[in-house]
Number of protein chains: 2
Amino acid sequence: MKKRVGVILSGCGFLDGAEIYESVLTLIALEKAGLEAVCMAPDVEQHHVINHLTGNEVAEKRNVLVEAARIARGNIKNIAEITGKEIDALILPGGYGAAKNLCSFAIDGPKGKVNPEVRRLVRDIFAARKPMGFICISPAVGAMVLGETGVELTIGDDPGTAEAIESLGAHHVNCSVSEIHMDPDRKIVSTPAYMLGQNILEVSSGIEKLVQCVAEWIQ
Amino acid sequence: MKKRVGVILSGCGFLDGAEIYESVLTLIALEKAGLEAVCMAPDVEQHHVINHLTGNEVAEKRNVLVEAARIARGNIKNIAEITGKEIDALILPGGYGAAKNLCSFAIDGPKGKVNPEVRRLVRDIFAARKPMGFICISPAVGAMVLGETGVELTIGDDPGTAEAIESLGAHHVNCSVSEIHMDPDRKIVSTPAYMLGQNILEVSSGIEKLVQCVAEWIQ
């Protein structure tokens, strides 16, 4: 039976939800690696809705799980229904949604809150010593939940974000867009993706390496 | 200077807009081929909005261009602003949006209407003998605009859809998901993608071949 990798999506569209290319590249890389993706998202309202043509906030309400279902072609679960026992690893693509909907890092900084179901699942996977991959800004979620363990993470090289992550007890390590940073003791890998990326191919390179690393740690 | 390939998106999400994987795979393949993608969409209201978690229609209005901007990360034009002279080729990814928002094939069948800006651009590109690629259900658009030229197209092997396409004067040719059908005289190539696809990798194979074919015809 294929190993199952949870993928936490945070909406659909990089300004208010999951970064679409990062999410799709993760799903492609998982399929290439012979792993089954288990897409999931929290059943909560989005922090806000951004018109991606203008970049402006609009007076609309959208649900994170319902919008994330667009990326998953409807094949998605409410994260509240998923336990750590059901999956062999966990990956969080980025996009502002990771920092607005999975936690409030984008609004409140490192003192913000993490969605309780996201916190529970990240903690359970870590406690079970199963691998996790954090992409783009989602290492902020990793730091907010696991900072006290001294986990090593990268969001690229933005000094302000790196400092916020270090303030949570995590260690930030600079990394280029097409590379990954591995914390093998904790089985945690991260890649900067669109924190630094200028085009899809370089983002793809980092995400493929991240998924390959997760696949090797699952064995 | 890089050759420019127009990509007509029809929203964001396969049930009421552009198929996200097909769109992203097209953009990845274009980048790999050294071509510049020029994303565009009509500035019109979606035919309807589907909740992708439940599959049910919801009482909401969304704009095709605004939603397509999610897939394009905001880098998208109103198709009304694009002339055939500005681009070297044109590709239409699929998703129900191609048959609901770019034309009314999904509602009215082959006698339906095509968005006038889509019709104009497809006609102009054809008249200029520049290549075009149609993915998934979007060959229905190709048949509605260019059927009278006897163009060869594939939507996979669905008999009803093939018959509808033939009723417009086009010739339908069965094709498997990871392959393409070429009409070299008219420089038109098509691939079934999610009309037949069971997973991303086989869809990716067909789309990569389609983009490669377009790239060769541009030379």
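# Sheets, helices and the A–B contact

Me: What is the bridge partner of A:Ile135 in β11(A)?
Reply: In β11(A), A:Ile135 has A:Thr191 as its bridge partner. Keep in mind that this is a predicted model.

Me: In what sense do β7 and β11 of chain A pair, and over how many bridges?
Reply: Strand β7 (residues 132-135) and strand β11 (residues 188-191) of chain A pair in the parallel sense. The pairing runs over 4 bridges.

Me: What sheet in chain A are those strands part of?
Reply: An open sheet of 7 strands with mixed pairing. The order in chain A is β5-β2-β1-β6-β7-β11-β10.

Me: Which strands stand at the edges there, and why is one side of each left without a neighbour?
Reply: β5 (77-78) and β10 (181-183) of chain A. Each has a single partner strand, so one side of each has no neighbour in the sheet.

Me: Which strands does helix α6 of chain A lie across?
Reply: Helix α6 (residues 139-146) of chain A lies across β6 (89-92), β7 and β11 of that chain. The helix runs at about 130° to β7(A).

Me: OK, chain B now. What is the strand order in its open sheet?
Reply: In chain B the order reads β5-β2-β1-β6-β7-β11-β10, an open sheet of 7 strands with mixed pairing. The edge strands are β5 (77-78) and β10 (181-183) of chain B, each pairing on one side only.

Me: What does β5(B) pair with in the parallel sense?
Reply: With strand β2 (residues 36-41) of chain B, over 2 bridges. B:Ala41 has B:Asn78 of β5(B) as its bridge partner.

Me: Which strands does helix α8 of chain B touch?
Reply: Helix α8 (residues 200-218) of chain B packs on the sheet and touches β1 (4-8), β6, β7, β10 and β11 of chain B. The direction of α8 makes about 175° with that of β11(B).

Me: Switching topic. How many residues of each chain are in contact with the other?
Reply: 34 residues of chain B are in contact with 34 residues of chain A. The area buried between the chains is about 3200 Å², and carbon and sulfur atoms give 62% of that area.

Me: At what angle do the two α1 helices cross?
Reply: Helix α1 (residues 20-32) of chain A and helix α1 (residues 20-32) of chain B cross at roughly 90°, with axes that come within 10 Å. The two are therefore roughly perpendicular to each other.

Me: Which residues make that contact, and are they nonpolar or charged?
Reply: Among them are A:Ile20, A:Tyr21 and A:Val24 of α1(A) and B:Leu25, B:Leu27 and B:Ile28 of α1(B). The contact of α1(A) with α1(B) has 12 nonpolar residues, no polar and no charged.

Me: How many salt bridges are there between chain B and chain A?
Reply: There are 6 between chain B and chain A. One salt bridge joins A:Glu67 and B:Arg62, with the closest N and O atoms 2.9 Å apart.

Me: And how many over all chains?
Reply: A search of the whole structure finds 22 salt bridges. One is formed by A:Lys32 with A:Glu208, the closest N and O atoms being 3.2 Å apart. A:Lys32 lies in helix α1 of chain A and A:Glu208 in helix α8 (residues 200-218) of chain A, so the pair ties together parts 176 residues apart in sequence.

Conventions: Residues numbered from 1 in each chain as written. Chains lettered and ligands numbered in written order. Predicted model: local features only at pLDDT ≥ 70, side-chain atom pairs only at ≥ 80, totals over all residues. Heavy atoms only, no water. Pairing = 2+ DSSP bridges. Contact = heavy atoms within 4.5 Å. Axes fitted to C-alpha atoms, helices over the stretch in contact; angles between N-to-C directions. Parallel < 35°, antiparallel > 145°, perpendicular 65-115°, else oblique. Nonpolar A, V, L, I, M, F, W, Y, C, P; charged D, E, K, R; others polar. Buried area = accessible area lost by both parts, 1.4 Å probe. Salt bridge = Lys/Arg side-chain N within 4 Å of Asp/Glu carboxyl O.
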